[in-house]
Amino acid sequence: MTVKGLRVIPGGLEMTSSPPGPSGLLAELYEKHAAAVYGRCRWLLKDDAEAKDALQDVFVKALRGLEEFRASASPSTWILRIATHHCLNLLRARKALWREQVKAVQQDRKVETESPDRRELVRMLLTAAPEEAQEVAVMYYVDELTQEEIAQALGRSLPTVRKRLQQFLECARAAMEEKP
């Protein structure tokens, strides 16, 4: 990686020339260590775009910690340590986001409060129908798929799906009449 096009903007002011102060040091750090930092970020994050973003963030953090850098014995170790910590924090944040998404999905789920008797009745009605009619009934009534979606999923024609649903209903009605 090269420094071409790198413009250090301390305090939001663009500096077109490379001054002798911290931004000159930052440009030197970037030139010497950008490839290693990018490699570390890419290896940890396993994503090129995220690694490029992390590379920029690492050098922003490095700019804020230049006093620590000056006290550091090894600039490459110092900048790679910043990169490692930054990337690990990104991974932790990603993991925490995943947990929050799972909690949200669990809260959105319908609470199943069917009584055991009702569940047993549904099982009895399903077992009264032929296997293919059972499958179609579950897809239609439980999964709430349309008849067209069921036909596509099973590789059957729409009239066949309608026939299987009708079969299920006839078997269910007959089973209900026989039920004591």
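Eight helices and zero strands: that is the secondary structure of this chain. Helices here are DSSP runs of H or I, at least four residues long, and strands are E runs of at least two, numbered from the N terminus. Along the sequence the pattern reads α-α-α-α-α-α-α-α.

A word on the model. It is predicted, so local features need pLDDT of at least 70 and side-chain atom pairs pLDDT 80 or more, while totals for chains, interfaces and linings use all residues. Residues are numbered from 1 along each chain as its sequence is written, and side-chain values use heavy atoms, with hydrogens and water left out.

Of the 180 residues, 27% are buried. Buried means under 20% relative accessible area, exposed means over 50%, and partly exposed lies in between, with a 1.4 Å probe and protein chains only.

Now helix H2, residues 48-64. Its 17 residues should span 24 Å at 1.5 Å a residue, and the end C-alpha atoms are 25 Å apart, which agrees. The expected span is 1.5 Å times one less than the number of residues.

Which residues of H2 are buried? Ala51, Ala54, Leu55, Val58, Phe59 and Ala62. Down the axis of H2 they fall within an arc of 135 degrees, so they line one face of the helix. That arc uses the directions from the helix axis to the C-beta atoms. Turned away from the buried side are the exposed residues Asp53 and Arg64.

Last, Tyr141. Tyr141 sits in helix H6, residues 131-142. At 42% relative accessibility, Tyr141 counts as partly exposed.
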